[in-house]
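Biologist: I am new to this structure and would like a close look at one part of it, the salt bridges. Could you take me through them slowly, and say how far the model can be trusted along the way?

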Amino acid sequence: MQSARNGWMPSYPTFDRNPLTLADDAEAAGMEIGPYVVQQLKSGELKFAVEDPDAEENWPRVLMLWRANLFGNSAKGDEYFLKHLLGTDHAVTAKEASGDLRPKEMVWREQAPEGKLDMVMTIDFRMTSSTLMSDVVLPAATWYEKHDINTTDMHPFVHPFTPAISPPWQAKTDWETFQIMSDKLSELATTHLGVRKDVVAVALTHDTPDALATPHGVVADWKTGEVEPIPGVTMPKLAVVERDYTQIGAKYGSVGPVLDRLGETTKGVTFDVTSAVDYLKQKNGVRHGGVADGRPKLDHGINAAEAIMALAGTTNGHLATQGFKTLEKRTGTHLHDLAAEHEGKIITFAEIVGQPTPVITSPEWSGSETGGRRYSPFTINVERLKPWHTLTGRQTFYLDHDWMDTIGEKLPIYRGPLNMTQLFGEAPIGDTNELGVSVRYLTPHFKWAIHSQYQDNWFMQNLSRGGQQIWMSDRDAAKVGIADNDWVELVNRNGVVNCRAIVSHRMPEGTVYMYHSQDRLIDVPLTDTNGRRGGIHNSMTRILIKPSHIIGGYAQLSFAFNYLGPTGNNRDEVTMIRKRSQDVQY
Amino acid sequence: MRIMAQMSMVMNLDKCIGCHTCTVTCKQAWTNRTGMEYVWFNNVETRPGLGYPRRYEDQEKWKGGWTLNRSGKLTLKGGNRFMKLLNIFSNPKMPGLEDYYEPWTYDYETLLSAPLGKNFPVARPYSLVSGKPMHPQWGSNWDDDLGGTYVTGKDDVMLKGIADKVKFEFEQSFMFYLPRICEHCLNPSCMASCPSGAIYKRSEDGIVLVDQNRCRGWRMCISGCPYKKIYFNHSTGKAEKCTFCYPRVEVGIPTVCSETCVGRLRYIGLMLYDADAVLEAASTTNDTDLYEAQRACFLDPRDPEVAREAERQGIPLDWIEAAKRSPVRRLIQDYGLALPLHPEYRTMPMVWYIPPLSPIVDAVRGTGYDAEDAGNLFGAIDALRIPIEYLANLFTAGDVAPVRLVLEKMAAMRSYMRDINLGREGDEQIAEAVGMSGAEMYEMFRLLALAKYDERYVIPTAHREQAHALEELATDCPVGGGGSGPFGEGSGAGPVPVAIQTLAETKARMQADDMAEVPGSVSYMEWDGQGLPGRPSPQDAADRVGIPGEDGVAR
């Protein structure tokens, strides 16, 4: 709660009032948004939603999954998702926290809500636990049925996707799907939403002055009156965005004008992209009439790919060079030669279709690919003395933040796994009882599927064991009479898993591995425990947020989307594992 | 001296991460069709382990390959042709489905069609043999990453004589991957076992193929091959095998398994050899001398005498030049790094391997010692938990000396290169300790670590004037049994000739630095999806096709 109200980490929904209403209320009160929200928060009339997440007005209502298998894969604490988010059958047996373990500030409701969502929509091209749990499934084009691009810092190339066939039946490309939804939304908006003002609370952000919000790491909370609530310093920034819902469709299909005015900012470097936008007008053509008049067209996957590549330094040498020159003014070190060899080059879609094309070194990243080098992070910091994005500008190991002090981690130290026996009453590691042997439960990346589920196709299953599997040590297996390829059942307070055991002397005693991303849809029987379909690797886990991961507004400990924020911390889990009845039922 | 050119491969096991990309892409390209469900022309085995099919290396059971008879004459281990005729209707020495595995698929449709129910629907495994629900009990890669090996590992044929040295315990565990394809042997026992003369070794490049028109399905080749790399298509009733992707190789691009290898551990190139010397080499008395005997058959194309004679005997000049640049020749002959797989089978295999040093390096590092120090590594090679005898059983018929030398060379290379990478002078003494010079060591490092596509694959193109002998159409299409083509179900109604032009363009695209360099490059964005882009007319392809020879031997 403190992290949210201090603006350290984003939290949505942010307030217990609709942010569209909030803007109207401020106007009715004749106040600016900032002072109005501050006044309302101080008086207690407005609250952060996280203060009472079980209150109906704070529930998430609509969930849209775009090519992600939440319920069959990535939901850490999957069974809790099934119970509380969907309100369906689940295998959670954990008891509610007892009195002294309950949060002191957060509102505690005796009956935890089940079934918060009104609707789940999934866009996918395969049947997964998520599509099976969805109210609406939109069929998607596969990689071989659409134009798209992808890349990673693991190799220096931008890869194109080109259709080998047209999307079959009603499947659509992602670009088409979102365009159609946007158009429909705009059509409905003429009667329902129109033009509204939206109050967006923004966390204190990495590589901005927000990172100086906590001098000396001394934490002061406006809630306790230590300081005043000041947006962007002691609480989240508040932005007001005008949303013309009737124009979402029209805007979707074009590059908007805000880019020209504000440029693009990445890691503290602002790029002037006017020349890139002019290039896109030539390359993609422009819209005529309406809100997007004269703006570059985005009416196809290829156009969208061209826009991404024109607007990124890694694929537009002019931007990369310009970005380095901007950075040079702040660092005083010579940098723009890193991109100079490609200054005149913009990588196009046709070019990457023709052959693999390496990207350009750019200040958006910290590595150098100049002269055909392969990427490795922080090369520019080390070799060109670009300051590190830390409190000191150097590699920093000492963190003098109050919270780090409280938990004893001002310097890096080893922290053993959480004691799940003490915390949640699980059996100590190595103990045996009627549920089997207690082991540490890890869910590492599978060699054939890091986060994807394509190991459940015919080829990969015929090259492995044919279904869900868990690796365990021969020593643990011997304790409870498990042999290689036996059906086993795993039970802990979070859920139940049924799968085959791969018993190997390669596994250390006391630990089992259930690799990522094995959905329950391939050869998973009904469990002995509850007679329902066995769970997935994340059925045995739940999210445990570590407080030090939600510190924000302090130099390198500032929120950055997909860079710095809390993780699931699901690696300390333990489970019982036993041989189940071998005559399995489906 | 009869000089022949052999298309050959070396795999550097130090680099194999066991991803099986080679396996999957090969399967997709060649065996993704009815009758071949259980067949993997390319497979990757975890060793120690049983392999695929299980215990294929047990020649006391399977009687594959060659042996010396009492008078020292080379003879098929499975018996001579007369013996084979006696057994022709009941071939006893063939792996059964239980030795391969019972392939399965899933009722994926259930996931789409299941009615509203209490539980998640589930796709169950169904046997591709019986069509009935099944519980997989073994597969083509069942003991992947030592799964179940604590029990099954004792049956690994390569543990013979060293079982006391290999403990299947966590603290002593070790493993490495062994990718396998057909060995395209110089002295193929499959070919010699065939009663129909359907198997032939191409005289141009030594690739061993099955003539689908002549194969009568006796399956003697399956027994005869000690590597069990010929498979029975139970739909067509004919034998099929790895083709070394000859339609690709003919236009100078590597096999699918090599092309897609993530670890870049495969090398393809030519070996020139004296065909007249093969029989004598294969008849070498001691198994442990076979490795050197085979090396002695190879000819050095850089020797002007050899080059002149090769040209006189009709080997095209560009092939001789390619043999000079061959990375395979360098690894086998110049550096002595690559070793044959099971020379004791006496088939003179031509897919060789660099044994893995990395498990030893990892183990040294794990104990806190400097794993780049040549002295530490030399000591560890004999002392550590990968028993060198295990590698020797695979690659040198049990003789540890050549394996030790290879591992020492690789250890020395690591150590030598560390000095250079740290900006110091390379230490000549390290190189000399393994009988090399520093300059040689650097070139070896370059080939192992830096070599790009066109250094790893030096593949001269087939000569159009010899096209009739390559018999493209005659060999790549299994006949009968429903008319599926060689590239998977539904690829087309009739035989499809390999489109040389398309493949040549693919190669040009891969090797070009710049789009502008690619002549006649095909834009797939403009391709309408009909046929192949830029494919030559069927008549053009047909004109190049000759009639199979009638002599039943190598053509």
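Modeller: A salt bridge is here a side-chain nitrogen of Lys or Arg within 4 Å of a carboxyl oxygen of Asp or Glu. Side chains of opposite charge can pair when their charged atoms come close. Please keep in mind that this is a predicted model, with an ipTM of 0.90 and a pTM of 0.89.

Searching the whole structure over all chains gives 65 salt bridges, and one of them joins R5(A) to E105(A), whose closest N and O atoms lie 3.2 Å apart. This pair links distant parts of the chain, since R5(A) belongs to helix α1 (residues 2–5) of chain A, while E105(A) sits in the loop between α5 (78–86) and β2 (119–124) of chain A, 100 residues apart. R5(A) has a relative accessible area of 3% and therefore counts as buried, the limit for that word being under 20%.

A second pair in chain A is R196(A) with D24(A), whose side chains meet in a salt bridge at 2.9 Å from N to O. Here too distant parts of the chain are linked, with R196(A) in strand β6 (residues 195–202) of chain A and D24(A) in helix α2 (residues 19–28) of chain A, 172 residues apart. R196(A) is partly exposed, because its relative accessible area is 23%, and D24(A), at 36% relative accessibility, is partly exposed as well.

In chain B, salt bridges link E45(B), R47(B), E57(B), D156(B) and R180(B) in a network. As for confidence in this chain, the mean pLDDT of chain B is 84, and 81% of its residues reach 70 or more. Over residues 472–503 of chain B, however, the pLDDT is below 50, although this stretch has 70 contacts in the model beyond near neighbours in sequence. Residues 515–555 of chain B likewise stay under 50 in pLDDT, and for them the model has 62 contacts beyond four places in sequence.

Methods:
Residues are numbered from 1 along each chain as its sequence is written. Chains are lettered from A and ligands numbered from 1 in the order in which they are written. This is a predicted model: local features need pLDDT of at least 70, side-chain atom pairs count only at pLDDT 80 or more; totals for chains, interfaces and linings use all residues. Side-chain values use heavy atoms; hydrogens and water are left out. Helices (H or I, at least four residues) and strands (E, at least two) are DSSP runs, numbered from the N terminus. Buried means under 20% relative accessible area, exposed over 50%, partly exposed in between (1.4 Å probe, protein chains only). pLDDT is the predictor's confidence in each residue, from 0 to 100. Contact means heavy atoms within 4.5 Å.
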